[in-house]
Amino acid sequence: MIKEMVCVVCPVSCRMKVDVNAAGDIFVSGNKCKRGVVYAEKELTNPTRNVSTTVRIEQGVHSRLPVKSDVEVPKALVLDLVKALDNVLVTAPIKMGSVVAENVLDSGINFIATRSM
Amino acid sequence: MGGILQQCIHSGFGVEMFKEDLTGPEYAERYIEKMQLAGLEFRTNSLVTELHEDRTLVYTNPIEGYVEVQGKAVILTMGCFERTPGQINLYGDRPAGIMTAGTAQSFLNKDGFLVGKRVFILGSGDIGLIMARRMTLEGAEVLGVAELNPYSSGLARNIVQCLDDFDIPLYLSHTVIQVIGSSRLESIIIAEVDEQKQPIPGTEKTFEVDTLLLSVGLIPDRHLTAQAGIKLHPRTGGPIVNNRYETNVPGIFAAGNGLHVHDLVDWVSLEGERAGESAARYVQGELTDAELISTEPGNGIIYVVPHYVLKQVDEDVRFYFRVDNVYKNVKVNIYKDDELLKSLKKNVMVPAEMEMIKVANQDILDASRVRIEVEVL
Amino acid sequence: MYDVIIIGSGVVGALHARELSKYPLSILVLEKNNDVSMEATLANSAVVHSGHDPKPGSLKAKFNLLGNRMYRQLSKELHVPLLECGGLVVATSPEEEQVLDGLFERAGVNGLLENEYQMLTREEALILEPNLSDQVSKAMSLPTTAVTFPWEMAIAGLENAINNGAQLLMNHEVTDITRSEHGFVVHAGGDVFEAKAIINSAGAYSAHISEMLHPKFFTITPRRGEYFVTDNRFPIVQTVVYPAPGKKGKGILATPMVHGNTLLGPTSNFVDFDAQHQTTPEGLNEVRNNITKTIKHVPFDKIIRSFAGSRPTADAGDFIIEETSPGFVNLGGIESPGLTAAPAIAKYVVEELVIPRFSVLPKSDFDPIRKKRVKMHELTINERNEHIKDNAKYGHIVCRCETVTEADLDAIHRPVRARSHGRDQTAYRAGAGRCQGAFCSLEVLKILSRELNIDPIDVEYKPRSFVLAAKTKGAQ
């Protein structure tokens, strides 16, 4: 199966063709540098994303606190993780970098505050 | 403090300045901490209502009221604002549910207010793409993004991570031709456009949506410039500056999105640093006047910042510019008067991505103008 | 039982309420929307016309001239801005010069005084308006032409009426009217009211209201007008510039607004009720193409908004001002120059048609003055700071484009309560500037929520629509 993919590693945005044979070997073409291959392999085997969202906060200047995952998250888990944060409620003051939700959905992924409030 | 960064909760900030992938609020907080460590005085909740040529300004806040101060130097870093539904040709009624993507972003990320549940986005600017993902993550359904140009105005990584990841279609060469609904938006009609950007009959598609977000460009905020006699550039929309980021009014400097709209916050910071340093030198009387070398956008270039370079020994000059179309396999040539000074090969250049080329200051001191242009190979 | 019920709170209804409040009568204004003046009064050219243009002998001609002569005093009493900028009707061809000559004659027939209309050469006209196009060959000067702020005029009229005893109910759409022994029974918004007299000032819906009691005798068709608004930091004209009139009324004007913006428009097209507030490519192109005939240096890149207003045009072409049956006054087809004519119509209707039924004398304690609101931009820094000492909200600017302070948003608590986000954006100008509310709408929402003591989710934008759809994280 040949899959078309845009490499997002740098602004050149190479339009790549990625082929996987029966043995699971990955062949990449259209990339202008080897970082495209690494990106394509990861996208095919275990695509991950940074996740940024918010949680409810009380007594802050706003009623939401921005947070992010402490590591890149498997793409398939993104929506579930964000939904799981619905139950989180924190109270100001809170420092940037503090963990606001630990081991969410037993994924081992923590969410940390991305600002002080 | 921190401006628009506080609502840009996504990552992608600081790769150049901190060699880290930070979110907007994190990036802002690093600088806020630096400011506090340096013991700088600041005012929040304060709006500057007047700025004059002699660098006096008036600001107001609920605690002090109106206060007039004179700066030995003033740096304008007011950022930019979004083109509004009123500035583009949006036909139909004026119902609730039509706003800029950045407005929806402030509602959503600061206070958790979702402005709609079925959303369409006009314009593929980065804020619009980012909001497509954010609204989806928070439970809204984003039905598509229409872009007037045949290419995206946002970064490729945002197309992939904000649209493709969630199967949100991007309609290139399309625009919204009508909004329907008198109290609340009920639906929109989009159509494909021809090369003259005119809608092609028969290509209409209707989407039932309660919200239309606009991401159709940013304009430097210049609400203080006219009164102070600061000259603006017609293409950037911001002040005209020299390589010290000084405007035509001595002692008034400008940097960041209030000067010209950037894609990367790191470059905004770099400009700010340069303007700040110049302002400090100005206050200490270290800046001297000199003849001006003008910088000119040639073929394929929309604008070049700074607009002038002073004929005197100084740091190397970073020229920022944008191309007017998508170019592949080209050279960027820098001419000193009519002599080719520097030539760089580029695989791809797109209007969505600002370019920067550094030129040694001493290389151009004997020029009267510098021209940058795209040469298609 | 009320003495008089007024249906509709546009500028016509508002000024009738005020005129009636000079007498010891019980007055009720019924408005179907969640806010006042949301229809024709909301979106029009804002011009106080001189009276040069209506067909001689028509009610339009009569009340236009009378109304124009009342505006200065009315604006002073109600503290509504009035830009006394004058107007110019310009000709750009020999044919148009002929039209202008005809119009000059008409102005005289309509009763304008000699110093109220004057024919000018191009050179003379350029002194009054330097930005006329190069084609302008001749112009008629109309120095009594002025510009008001229609919404504030209506709101101020109502506030003044309320302070003098009148009542206002919003969200009360009249659904039925029947006769009773003492007058009328009015069904509105689920409530039932009785009144001895009714004034039907329902604008575009006046025929519909009239037909609740009478056989159909007039039809209202919305006549849409499309406009552009330009950034108020770049004024284009200093006088109202009219083209020579054609078949479609007064044509496309350039009008300086009281807040510094310039209004370009309107077009003139009969449309269905559904389409009366819709802008179209054809309409806005017509504005673009025609405006450059009369003025030059039109900064199309400084446009901050486009919109469509609607004129409630009656089939007969003239105003309908009549007591159709005893105690029931129909005001139909009060379209341009209705804004100008409104105070004169109100005076006539109240004094000649309504008061004779009640045989009452004016109240001695009627207060014609609506208290002036603090306008920070008119004050010196020291004066401003005096206000801020009393009320810190004057120091907090919510809308940076139009420098609207939090204290300016006290309209929420004034007699004609501003409850909707859209209202604040238009009448109180938070969000009326070049960013169109992008920076302040979150804050305006929070202020409305706090001051009205309602959840942000329940803050309305326009009648029957809300700013927000939901809160995230399943929050209530």
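## Where two strands meet

Two strands count as paired if DSSP finds at least two bridges between them. In this predicted model, strand S9 (residues 113-114) of chain B and S22(C) pair over 2 bridges, running in the antiparallel sense.

## The wider contact

Let's step back to the whole interface of chain C and chain B. The contact draws on 50 residues from chain C and 46 residues from chain B. Together the two chains bury about 4,000 Å², with 56% of that area on carbon and sulfur atoms. On the chain C side, the residues that lose the most area to chain B are C:Arg434, C:Leu442 and C:Thr472, which together make up 14% of what that side buries.

## Charged and polar links

The interface of chain C and chain B holds 4 salt bridges. A handy one to find joins the side chains of C:Lys473 and B:Glu138, with N to O at 3.0 Å.

## What chain C brings

Several elements of chain C each supply at least two residues to the side that touches chain B: helix H7 (281-294), strand S17 (303-314), helix H9 (381-390), helix H11 (441-452) and strand S22 (470-471). S17(C) gives the most, with 5 residues. Sorted by class, the side of chain C that touches chain B has 24 nonpolar, 14 polar and 12 charged residues.

Note on methods. Residues numbered from 1 in each chain as written. Chains lettered and ligands numbered in written order. Predicted model: local features only at pLDDT ≥ 70, side-chain atom pairs only at ≥ 80, totals over all residues. Heavy atoms only, no water. Contact = heavy atoms within 4.5 Å. Buried area = accessible area lost by both parts, 1.4 Å probe. Helix = DSSP H or I, 4+ residues; strand = E, 2+ residues; numbered from the N terminus. Nonpolar A, V, L, I, M, F, W, Y, C, P; charged D, E, K, R; others polar.
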